[in-house]
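Here's a quick tour of the structure for anyone meeting it for the first time. Have a look, then read on.

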Amino acid sequence: MRKIKSVSDLEKWREAILEKEKGHEFIISVCGGTGCQAYGCQKVKAAFQKELKREGMKEKVALKITGCPGFCERGPLVTIYPQNFFYQRVKAEDVPLIISETIQHGRKVEHLLFEDPMDHHKITSSQEIPFYRTQMRLLLSHNDLVDPTRTEDYLAIGGYGSLAKVLFQMRPIEVIEEIKASGLRGRGGAGYPTAKKWESCRKAPGETKYVICNCDEGDPGAFMDRSLLEGNPHSILEGMLIGAYAIGANEGFIYVRQEYPLAHKNAGIAIKQARKAGLLGKNILGSGFDFDVEMAKGGGAFVCGESTALIASIEGKVGEPRSKQTHTVEQGLWGKPTNLNNVETWANVPLIIRKGSKWFSSIGTDKSKGTKIFSLVGKVKNTGLVEVPMGITLKEIIFNIGGGQQDGKRIKAVQTGGPSGGCIPASLFDVPVDFDSLTQVGSIMGSGGMIVMDEGTCMVDVAKYFVHFLQEESCGKCLPCREGLKRMGEILDRITEGKGDEESLSLLEELAEVVADTSLCGLGKTAPNPVLSALRYFRPEFEAHILQKRCPAAVCTPLIQYSISETDCTGCGACAKVCPTQAIKGEKKQSHLILVEICSKCGSCKDICKSNAVMVQ
Amino acid sequence: MERKTVNITIDGRSLDVEEGNTILLAAREFGVHIPTLCYMDHLSPYGGCRICVVEISNNGGGKTFIDTSCTHEVREGMVIQTNSPRIIRARKMLAELLVSSAPNVKITQDIAARMGLLKVRFPMEDNRCILCGLCIRMCYEQMDGKALGFVGRGMGRKVSMPFEVRPETCRLCRGCDYVCPGVIIPCQGVKEPGELCGRCVRIEEMPNCCPMGTFGCFCEQNPL
């Protein structure tokens, strides 16, 4: 690693890297994201290494372990450049075949290509896959080109060019003006204009100022920030450098939760390399600007995603929020002006500087600019990370990118914004995805979780799940959040057990509104959203639980009953074999019967029955 | 030295109050009652019980928000409502949550009575600690003991000593005991489960000037 002392040094280094890369005829990029690691990509990587060594092609072929390209469901993912062959569900056994067919003869390996679920034809490149086709991948597109542990890879795609531009061609005020013109809003959830935050922090009196990158993503089912920090940590560092320059800060922190070891590791490596290269530290690129970043590890408390709690956590105190009349931009970390932005916000910054605010503001809607990454999960065919321009409709995301319903059950709602968000019913799927429209329908953009639910999901159960999640994660400092959520959980428990009465709903609503009104921090203020939105759009489901003691989605076990249809049962006996409580009786080839008193309602019989004879009511 | 003042409006009255004061202090100075629980003079405001919430508008416009008066500082032109319907509803619910979790702590009964609460819709529990944090702040800020703190999160939160062992810094001054609202013997008024007697508030001439909002309970059975 060389030490860069000026912009010309940086450009020389970049040229040298590009020159060296020309020597490689092929690039094999293996996804090393957390999802693909779980699928066993390390074995695939080892197999590639072994095979390349055996064939003596190490010079000709570059093997990269990259960040997450997003299509986690189909992992481990391998892309071969320059042909742009996209292989999915690759196993170590497939590696020799890829080497002999694709690398040596330039042919595709048919069985590893993605198959269109509609017409069953094979798709070669990722761009043609329906999952990727509708996306606009500004931030994620680099994830499969960059090895996060190599600064050289980031430089090869033009990295740190924006930093050089900012340090030598722009004054701090101009940087803020540029971000303001771009219309970038905070990606952490609330959508506060980034430039406005920077400006207030710049104007706040004080010599010492801090910038913080918030990677304490804790929403169930969300992994956007993690993938960005794991896959392209240098882009976050560059964003923070630019922000720090604009604000006048010389120190920064990246706050990563404990549960993200890979993000922690990759960001740590990136910081070390950047320091070595002189991109962090004193007198960066000879501009006289000093900046350094430290890692801070969170203990995994959801509430530490809240700015004041996060700051308390970095200070070494208990991660609890405080009253926020004085904003953190005036009094934050150790009482000094502190600018805190989400990972995705920081990642957008170098992009805006490189391509200009005009280009950025041409994407998206009137008030929400740029793209947003969502983690699309739940009952859709394709799950993973999707990056879409703001203003795209929910329908397009769920049906075009997500591929629609999974197995014959109609999609009925989507939950956006995690535990602070709400459920949006299918009738509102034409709503454009931007900060203000989502707030209008009772949900929020949040950090970008998107959970699709179908007819097999009980909305009362969903509301109950989120309330219990938040009840566990509440810090317990303020009464409405600690006691109120507990009581809301109790009421929902009673409803799902069939013990709810007509007063339950009005009490639940009243309680939810007071909790939202009086809680101390964002966690409590938004905690009732899942309940309130479920009540707003799916009240009949709640009423069915209370008045008819029935769960329409057949999820709440105390309210459902399993039975076997006499006409459909073939008497194969498979159900009786799997029943853990021996509740199924019947002679071979005769219709079987479930003894209701013994039945534990586990659903194993329904899963195993081939003739669909087990019914739930 | 003349002190700087700002003009604010509390419940329709225009007042000049000292800059830097919290809304609670300003209100008390002018005799406006705001009930409190986790607040105590000379201890830092905590903002945990939320009983002292008020409705605030920064410029008198239509957009209002709710915050605790014990932590919110006055600003020029602020318009504050201490007993709007939204506030009364919120306080009543908070009192209900509080009294249902710790019905045998006198202050929770007092606050419930003061809010006019006669029925509790949640199952009663019997917590003795209301997690107001007064003992911790007393120990830390006034006695320099640093012997107490909160441990645990959410429902598992409790007041404890480091590793549950009394540290050397604790001098057994009993400052914690002195401020704890949980050690006062509660009202023993006749109650069905879930019912509050509320007899004290049925007295017509309940004065509205008790600054602490902990106006005593007049039940005959009350041993205090």
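## Two helices side by side

In chain A, the axes of helix α7 (residues 161–169) and helix α11 (residues 233–247) come within 9 Å and cross at roughly 10 degrees. Helices here are DSSP runs (H or I, at least four residues), numbered from the N terminus, and axes are lines fitted to C-alpha atoms over the stretch in contact, with angles from 0 to 180 degrees between N-to-C directions. So α7(A) and α11(A) are roughly parallel to each other (angles under 35 degrees count as that).

Where do they meet? On the α7(A) side there are A:Gly161, A:Ser162, A:Leu163, A:Val166 and A:Leu167, and these meet A:Glu238, A:Leu241, A:Ile242 and A:Tyr245 in α11(A) (contact means heavy atoms within 4.5 Å).

## Where the chains touch

Now for the two chains: 33 residues of chain A are in contact with 33 residues of chain B. Together the chains bury about 3000 Å², with 52% of it on carbon and sulfur atoms (accessible area, 1.4 Å probe, lost on putting two parts together, summed over both).

The rule finds 7 salt bridges across this interface (a side-chain nitrogen of Lys or Arg within 4 Å of a carboxyl oxygen of Asp or Glu). The side chains of B:Arg121 and A:Glu510 meet in a salt bridge, at 3.2 Å, N to O.

## About the model

This is a predicted model: local features need pLDDT of at least 70, side-chain atom pairs count only at pLDDT 80 or more, and totals for chains, interfaces and linings use all residues. Residues are numbered from 1 along each chain as its sequence is written, chains are lettered from A in the order in which they are written, and side-chain values use heavy atoms, leaving out hydrogens and water.

Definitions and conventions: Parallel < 35°, antiparallel > 145°, perpendicular 65-115°, else oblique.
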